[in-house]
Structures are given as structure tokens and as C-alpha cells.
Amino acid sequence: MRLYLINPSNPLVSIANVSANRWNRYRVWKPLSLMVLAALTPPDWEITIVDENLGLPDYHSIPRPNVVGITAFTSQANRAYQVAAHFRRLGVPVVMGGIHATMCLAEVLERVDSVVTGEAEAVWAQVLDDARRGGLKRQYDGGHSAIDRFVPACHDLLPGRYAFGAIQTTRGCPLNCSFCSVTAFNGAQYRQRPVLEVVREFRAIPEKRVLVVDDNLIGTHPKHVARAKELFRTLAAANLHKQWIAQATINFADDEELLALAAEAGCRGVFIGFESPTPEGLRELGKKFNLARGRDFPASVRRIQRHNILVVGSFIIGLDIDEPGIGERIAAAARQYGVDTLNTLFLTPLPGTRLWDEMNSERRIALGAFPDDWKYYTLTFPVARFKHFTPEGIVQEMISCNRRFYSRGGILRRVWSALRNQRHPLLSLVGNLSYRDNCRLDRKIYQMLSWIR
Ligand code: B12
Ligand code: SF4
């Protein structure tokens, strides 16, 4: 039995096609969902993982599969439907799962044979069994998997053209920020895989560099942080010589021992959501965690960097409280905080989030011709109606934010500071140039502004 697992591309996302641009190798990330599905697949299936980000295969000339499984974030949904339509025309049953299928079940059900909502661990073997017997159900619900159902991903099924491997050590987030899908999708309970299991999987990753995809690697509660410390200690003792980057909340900076252990275990960079330069903005987004009394962001960033860990700061532009000048203001805050790279994203109502419910009920979804318009839901396009900005206005704010932060002088200053402090200057240079290149590509696409209705 032949199974294709497909990660559809989105041509509007600058991470398409590794051979087109030398920086793209650092922008394509392994589709971990499909690597986990492969691990959950019984051994008598012959599995091929197709990541369209590495280049589009000629689906007409490859051997006909018995089943196709497609994953998709919302921004990949319409390409997913094109791929599904191709295989369905051939009479091959198509199963779709992942975040978009879960949040937009009715839409997806119209376009594929079967939908898996939630996490796959509890249902995937059953899906394949039903498909084998010709009895696929229209829908399966995997819900939130118990921790003992997690399996190590298959790390050897994709070609070696990725700069980073990938691993997941926890799922879920209790914080439920208004713009984020994680609590709605993975639940509020923070589930942590056993440390030894994670270290064993880390060892099996062929790449030297690894993306830890957890939404918050260290968690929010002292017992989560204690587990993170145990993980870092065990990783360091295992001496795997891996370098990894991860996402965490700002409390990462609050514990010197945690930082030292993370660095010792191979942590080279951390992605932190600062989201807004003002407390009003943080309140609007429900990012209460960043509002802790006495929080000093520049000092927190410096503490992390002192352990030779680079900080990527993420902000959201276009909040209801944002006014003209917000682009410059975000760039100034990012410089003041001292982050190594800045990632600014448009406020985007993603299906299933509180923000979606709010904006939808206020008729503020501007790009709403679905499924076609899903391709713009990359957070790098203004898809909503903003309170104080026209589409052109908010785009200008984004451009001035990035121009200010990624000016030649700005990049040189940051790379020089990384060099002086022996904080991975090469990684800092690659990160800055790669973000700058992304911004340039986005600007090209903004020129097609006529698509904003
Ligand atoms: C890693 C990651 C990335 C990587 C993606 C790497 C890759 N190729 O997959 C990168 C950095 C490239 C990325 C980019 C983006 N991301 Co992202 N990303 C994540 C993150 C943190 C983890 C995803 C992951 O690997 N999880 C581990 C795997 C094992 O879990 P999983 O994907 O959920 O898969 C399980 C189930 O969903 C299910 N399943 C999944 N697919 C399928 C398919 C079938 C057939 C079946 C049966 C089951 C199934 O089974 C799996 C096992 O249980 C999530 C947050 C999250 N917790 O999901 C955000 C997340 C998915 N990203 C998000 C967003 C918005 C984006 C971007 C649009 C914007 C951005 N700048 O972040 C871009 C889109 C790029 C594009 N291609 O269009 C949103 C998506 C919301 C939505 N409705 O689409 C999320 C949920 C974060 C959030 N804050 O809301 N992202
Ligand atoms: S943005 Fe981060 S902290 Fe907020 S709900 Fe999402 S994962 Fe949790």
C-alpha cells in the first residue's frame, strides 16, 4: 500500500523553492506533522513525504498512491485543495488534517474524502485501516492526545536539503492570547513529553541544527520550568553537539540557572513574542503574561544574550490602539529592547481564534473570498479592516518599521555587537539578511495592492 503525505506550498510565502535563493535553505522548515504521521503509520505502508517547498513534483508522472494525506495551515489551504482535486480525479482517496482542517471543518469536508480534526495520534492507524478496507469515514476526531501516545517523528524520510531538523517536546498553552490558535487547537493543558524520550529523539535527528517547535518550551508554571531544566541538563549530559532554536515566553529571562542550562544544552536562539510596545496593546491582545509588574524588557533581553543566546523579537502591527507612526514605534522598541532580529506581523484574524470571532462579528474581515483568499493569511498581508489605517496606510507602517530596523547601519550595529560579545555573529548576520530579504520580497507583493478590496 502506497501513502503520500503532502505539505502544500504557498507561492506568496517567501520560503518557496530552496534552489531559487541561497537564503531559502534557512527558510524551509521540515513539516514535522507529516514526519509524525509517518511514524504513526503501520510498517506495511510505503510512505513518501512530499514537501512542495522543496519544489513542485510532477504529480502526473509519479506512481499512483493508494491514499493521500495532506496537511495545511490556513495559508496553505487553497493549494491543498488543488492537490486534493488532482488525486480525487484519479480516484485516490484524500485525507486532510492539521490546523486548517480542524478550524474550517465544513469547508474542508467539501473538498476531500475524509477529515481528521485535532491531533492524529489516537486515530491515524484507524484511518489507514478503514482506507485499506475501502471504508473511510468522512470525519475522525483525534482531540488532544495523551502524552503516552506521542511517538518520535521519522527523521529520515525527507531529503537532506534542510538547514534545520525539527522536534516537539510539549503541546498546549494555557495563555490563550486573542490572535493565536494554539490554545484552541492544542488545548490549555501544557503536556510535556518525558525527558529521556525527547533526548533519544534529539539524538536521531540527522541535522546539526534543530528547530524546537514547541510554542513555549519552558512553560509558565514553576513545575514546567523545572522540567525544562531537567531536559536541558539531560541534553547537555548526552553531549549531542546539536545547536537549537526555540520559542519561549519572556519568563525565560527570569532564571539564570535555566538560561545557563539552555545554553549548555545547545540553545542558540529564542523567539519571543513581545507583540506590542505598549501595555494597552498587550491588554488588547490578551497577552497578560507580558504585563507582569516590574518587567524590564531590555534587561530581560540582555540577560538572555549574556548566555550567548540570540533573541528574535516578534511584534504585531495594526491593533485597534495603534495609531499612525506605529511602524517606527515598534522598530524603536525593538532597538531599545536590544533584540537581534525583529519579526513584525500584521494583526490577522485566524479562524478559530477569539480575534476571528470579534472581527468577523464586526464585519472587519477584508479579504474574505474563501477559500481563495486564505493564501493571504500568512500574517505578512493586511487581510482585515484596521481601525486607524487604510490597507495602504498599514502597509506603509510595516515598510517603515522594517526599513528602520533593517537599515544597513542597524544590521551592522547588531552584528558588531554579536561579534564583540561572541554571540554567534554569523547566525546574527544570516538572520538579519534573511529577514531583510523577506521584507524586500513582501514589498514586491505589496505592489499588487489592488487585491485589497
Ligand atoms: C513549526 C511552525 C511553523 C514552521 C512550519 C514548518 C512546517 N513546514 O511545518 C514555520 C516557521 C515555517 C511556520 C510558518 C508559518 N506559520 Co507556523 N507554526 C509552527 C508551530 C509552532 C508548530 C507546528 C508543528 O510543527 N507542530 C508539531 C506537529 C507534530 O503538530 P501539528 O502540525 O499540529 O500536527 C498534528 C495534527 O495537527 C495532525 N495533523 C497535521 N497535519 C495532518 C495531516 C493529516 C492527513 C492528518 C491525518 C493529521 C494531521 O496530526 C499531527 C500529529 O498530532 C505552530 C503552532 C502549533 N502548535 O501548531 C505554528 C502555526 C501552525 N503557524 C501558524 C502560522 C500563522 C504560520 C504562518 C502563516 C505565519 C508565521 N509567520 O508564523 C507561516 C505560514 C507558512 C506557510 N507555509 O504558509 C499558525 C497557524 C494558524 C492557522 N490557522 O493556520 C500556528 C498554529 C501558530 C499560531 N500562533 O496560531 N510555522
Ligand atoms: S501567543 Fe504564545 S503565549 Fe499566547 S496563546 Fe499563543 S502560544 Fe500561548
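1. Helix 1 gives the most to the shell around ligand 1, with 4 residues. Helices (H or I, at least four residues) and strands (E, at least two) are DSSP runs, numbered from the N terminus. The structure is a predicted model, in which local features need pLDDT of at least 70, side-chain atom pairs count only at pLDDT 80 or more, and totals for chains, interfaces and linings use all residues. Residues are numbered from 1 along each chain as its sequence is written, while chains are lettered from A and ligands numbered from 1 in the order in which they are written.

2. The shell around ligand 1 holds 39 residues, and the closest are Ser33, Thr71, Gly97, Gly98 and Ala120. A residue is near a molecule or strand if its C-beta atom, placed from the backbone, lies within 6 Å of it. At least two residues of this shell come from each of helix 1 (32-40), strand 3 (67-71), strand 4 (94-97), helix 3 (99-103) and helix 6 (182-186). By class, the shell around ligand 1 comprises 21 nonpolar, 15 polar and 3 charged residues. Here Ala, Val, Leu, Ile, Met, Phe, Trp, Tyr, Cys and Pro count as nonpolar, Asp, Glu, Lys and Arg as charged, and the others, Gly among them, as polar.

3. Around ligand 2 stand Cys173, Leu175, Asn176, Cys177, Cys180, Val182, Thr183, Asp215, Asn216, Thr249 and Gly273. This shell divides into 5 nonpolar, 5 polar and 1 charged.

4. The chain is assigned domain 1 (2-147) and domain 2 (163-451), with bounds that come from an automatic or database domain assignment. Their C-alpha centres lie 26 Å apart. Across the boundary, 23 residues of domain 1 are in contact with 31 residues of domain 2, contact meaning that the C-beta atoms of two residues, placed from the backbone, lie within 7 Å. The side of domain 1 that touches domain 2 has 12 nonpolar, 7 polar and 4 charged residues. Ligand 1 also involves both domains: its shell draws at least three residues from each of domain 1 and domain 2.

5. Helix 2 (residues 77-89) includes Ala77. Helix 2 has 13 residues and reaches 18 Å from its first C-alpha to its last, close to the 18 Å expected at 1.5 Å a residue; the expected span is 1.5 Å times one less than the number of residues. Its buried residues are Ala77, Arg79, Ala80, Tyr81, Val83, Ala84 and Phe87, and they pack against strand 1 (2-7), strand 3, strand 4 and helix 3. A residue is buried if 20 or more other C-beta atoms lie within 10 Å of its own, exposed if 12 or fewer, and partly exposed in between, with C-beta atoms placed from the backbone. Ala77 counts as buried because it has 30 C-beta neighbours inside 10 Å. Leaving aside neighbours within four places in sequence, Ala77 is in contact with Ala72, His100, Pro371 and Trp374. After helix 2 comes Gly91, with a positive phi near 85°.

6. Helix 14 (residues 391-405) has 15 residues and reaches 21 Å from its first C-alpha to its last, close to the 21 Å expected at 1.5 Å a residue. Buried in helix 14 are Pro391, Ile394, Val395, Glu397, Met398, Cys401, Asn402 and Phe405. Seen down the axis of helix 14, these buried residues fall within an arc of 155°, so they line one face of the helix. The arc is that of the directions from the helix axis to the C-beta atoms. The cover over the buried residues of helix 14 includes strand 13 (310-317), helix 12 (326-337), strand 14 (341-346), helix 15 (408-420) and helix 16 (425-446).

7. Most residues other than glycine have a negative phi, and most peptide bonds are trans. The peptide bond from Phe370 to Pro371 is cis, with omega near 10°, and Pro371 is found in the loop between helix 13 (354-361) and helix 14. His241, which is not a glycine, has a positive phi of about 55°; His241 is placed in the loop between helix 8 (222-238) and strand 11 (243-247). With 7 C-beta neighbours inside 10 Å, His241 counts as exposed. Gln422, also not a glycine, has a positive phi of about 50° and lies in the loop between helix 15 and helix 16. Gln422 counts as exposed, with 8 C-beta neighbours inside 10 Å.
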